[in-house]
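Me: I'm new to this one, so could you walk me through it slowly?
Reply: Gladly; here it is.
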Amino acid sequence: MNYLGHLVQSRNLSPGMRIGNVLGDFYKRLPEELHPEIKAGVLYHRKIDIYMDRHPQVRASMARIASPLRRFAGILVDMYYDHFLALEWEAWTGRDLPSSASEFYREILEWKAWWTKDLEEVYPWLVKYDWLSSYRETSHLARSFQGLAQRLRAPNNLQDGLEPLLADYEGFRTDFHAYMPDYLENCRPESASS
């Protein structure tokens, strides 16, 4: 769910590895015939997810989310942190977000032969609604939570996922700022591969 969190660590990766890292959630299985760069990127994506799930600041953010949304805390925090990263993308990367997003959308298209069925279905929406840049807007997050709620089979209240962020916006922002320097240092591609 945290596309921008993965993209920020993908700047120096090969194109295929960048695709696998940012879009790793679309590759549940790693078939033998999957392009080796994408496979390496997906494995890197998974290492980043493990690091994030165990980080004390992320856990502090998750604790800010009360029941019954607590069971979705990992998803919510991923998206909240992408929101803050989108707002400050240039400060963290030295580039503007719309240019970074457009470049990545073009790159994904060049690797279409390796898309999963789910990615094929999502890609037009990803580009049409500029998902990566739109994380700056809380209204986009609200629409994303509604979409996720509808896609889940079991009854859920994920459509209310924006409420914890709005109720404690500065608390989540403080957690994000405490997390990002550690993340950028400890999840660099060369750090994650060891």
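Reply: Buried means under 20% relative accessible area, exposed over 50%, and partly exposed in between (1.4 Å probe, protein chains only). This is a predicted model, where local features need pLDDT of at least 70, side-chain atom pairs count only at pLDDT 80 or more, and totals for chains, interfaces and linings use all residues. Residues are numbered from 1 along each chain as its sequence is written, and side-chain values use heavy atoms, with hydrogens and water left out.
Me: OK, is Gly-20 buried or exposed?
Reply: Gly-20 is buried, at a relative accessible area of 0%, and its place is in helix H2, residues 15-22 (helices are DSSP runs of H or I, at least four residues, numbered from the N terminus).
Me: What is Gly-20 in contact with, leaving aside neighbours within four places in sequence?
Reply: Gly-20 is in contact with Ile-38, Gly-41, Val-42 and His-45, where contact means heavy atoms within 4.5 Å.
Me: Switching topic, how many salt bridges are there?
Reply: The count comes to eight, a salt bridge being a side-chain nitrogen of Lys or Arg within 4 Å of a carboxyl oxygen of Asp or Glu. In one of them the side chains of Glu-107 and Arg-18 meet at 2.6 Å, N to O, and this pair links distant parts of the chain, with Glu-107 in helix H7 and Arg-18 in helix H2, 89 residues apart.
Me: And are those two buried or exposed?
Reply: Glu-107 counts as buried at 11% relative accessibility, and Arg-18 is buried too, with a relative accessible area of 12%.

Conventions: Helix = DSSP H or I, 4+ residues; strand = E, 2+ residues; numbered from the N terminus.
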